[in-house]
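Here is a short briefing on one protein model. Please look over the sequence and the structure before reading on.

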Amino acid sequence: MSKSDVHGNYLTFFQRKLLEKNLDDKLPWQYRQRIEIMLLADEGKTQGQICKAIGCSPGTARHWILVAKSGQAHQWNNHPIGRPQEVNEQYLERLKELVTNSPKEFGYVFGRWTANWLSKHLATEFGTQLSDRHINRLLKQMGLSTKPKPPKAEEMSGQDINGKNIVIRDLNFDINQSKSLGMLSFNTFN
């Protein structure tokens, strides 16, 4: 981002206009506070000055100042307010069913679920959209994940690191068995 694109300290002209446009009295106070923090930071106010001016915690001010600094101010309403919504047992059962099956079985083209897609899918069914973080938290509590599990050692014993088939056997057993069958024997260290 060039200096000519920046209106104040952090925001582009577009971002500042967008924030100012969305700053109205009908907006929930938490969203209004976010916008005010970023606008004040853009004007050069310090974290302490911002906290005093609008009555927010230092952590809240710090977070939204960093959002403005990182060029993400236009995403001020992408972060949900408050605690994650609570879900019922039916929601959890459906989440478990989805994550233990391929998304292709539900009409999607991709082969592995992400927390984002689980959230979107469940929002269409239940009308409750949870953040990706909350979906991952619920999955962890159920002992599940959207990430594929690494194969267990016993499952890998027949494959090398490239997925090629190899066989690992007890060499002493193979040698003794070949002797009893009259096959050529190998040197043993007995």
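Is Glu-43 buried, exposed or partly exposed? Glu-43 is partly exposed, with a relative accessible area of 47%. The model is predicted.

**Confidence**

- The protein has a mean pLDDT of 80. Of its residues, 73% reach 70 or more.
- Helix 3 has the highest confidence, at 94. Helix 9, residues 171–180, has the lowest, at a mean of 55.
- Residues 184–188 have a pLDDT below 50. In the model this stretch makes 3 contacts beyond near neighbours in sequence.

**Salt bridges**

- The whole structure holds 7 salt bridges. One of them joins Arg-16 to Asp-42, with 3.1 Å between the closest N and O atoms.
- That pair links distant parts of the chain. Arg-16 sits in helix 1 (residues 13–22) and Asp-42 in helix 2 (residues 29–42). They are 26 residues apart.
- Arg-16 counts as buried, at 9% relative accessibility.
- Arg-16 also meets the side chain of Glu-43 in a salt bridge, at 3.0 Å from N to O. Glu-43 lies in the loop between helix 2 and helix 3 (47–54), whereas Arg-16 is in helix 1, so this pair ties together parts 27 residues apart in sequence.
- Lys-17 and Glu-20 form another salt bridge, their closest N and O atoms being 3.7 Å apart.
- Why are Glu-20 and Lys-17 separated by about one helical turn? They are separated in this way because they stand 3 residues apart in helix 1.
- Through shared partners, salt bridges join Arg-16, Lys-17, Glu-20, Asp-42 and Glu-43 into one network.

**Around Asp-42**

- Asp-42 is found in helix 2. Its relative accessibility is 3%, so Asp-42 counts as buried.
- Which backbone nitrogen lies 2.7 Å from a polar atom of the Asp-42 side chain? That nitrogen belongs to Tyr-10.
- The backbone nitrogen of Asn-9 lies 2.9 Å from a polar atom of the Asp-42 side chain.
- Residues up to four places away in sequence aside, Asp-42 touches Gly-8, Asn-9, Tyr-10, Leu-11 and Arg-16.

**Around Gln-15**

- Gln-15 lies in helix 1. At 5% relative accessibility, Gln-15 is counted as buried.
- Which side chain makes a polar contact with the side chain of Gln-15? The partner is His-74, at 3.3 Å.
- Neighbours within four places in sequence aside, Gln-15 is in contact with Tyr-10, Gly-71, Gln-72, Ala-73 and His-74. Tyr-10 also touches Asp-42.

**Cysteines**

- The disulfide count is 0.
- A disulfide needs the two sulfur atoms within 2.5 Å.
- For Cys-56, the nearest is that of Cys-51.
- Both residues are buried: Cys-51 has 13% relative accessibility, and Cys-56 has a relative accessible area of 10%.

**Helix 5**

- Helix 5 spans residues 89–99. Its buried residues are Tyr-91, Leu-92, Arg-94, Leu-95, Leu-98 and Val-99.
- Seen down the helix axis, these buried residues fall within an arc of 165°, so they line one face of helix 5.
- Glu-89 and Gln-90, on the other side of helix 5, are exposed.
- What covers the buried residues of helix 5? The cover includes helix 6 (115–126) and helix 7 (132–141).
- Asn-88 caps the N-terminal end of helix 5. One of its side-chain oxygens lies 3.3 Å from the backbone nitrogen of Gln-90.

Methods
Residues are numbered from 1 along each chain as its sequence is written. Side-chain values use heavy atoms; hydrogens and water are left out. Buried means under 20% relative accessible area, exposed over 50%, partly exposed in between (1.4 Å probe, protein chains only). A salt bridge is a side-chain nitrogen of Lys or Arg within 4 Å of a carboxyl oxygen of Asp or Glu. Helices (H or I, at least four residues) and strands (E, at least two) are DSSP runs, numbered from the N terminus. A polar contact is a pair of N or O atoms within 3.5 Å; within protein, one must be able to donate a hydrogen and the other to accept it, and residues adjacent in sequence count only if both atoms are side-chain atoms. Contact means heavy atoms within 4.5 Å. The arc is that of the directions from the helix axis to the C-beta atoms. pLDDT is the predictor's confidence in each residue, from 0 to 100.
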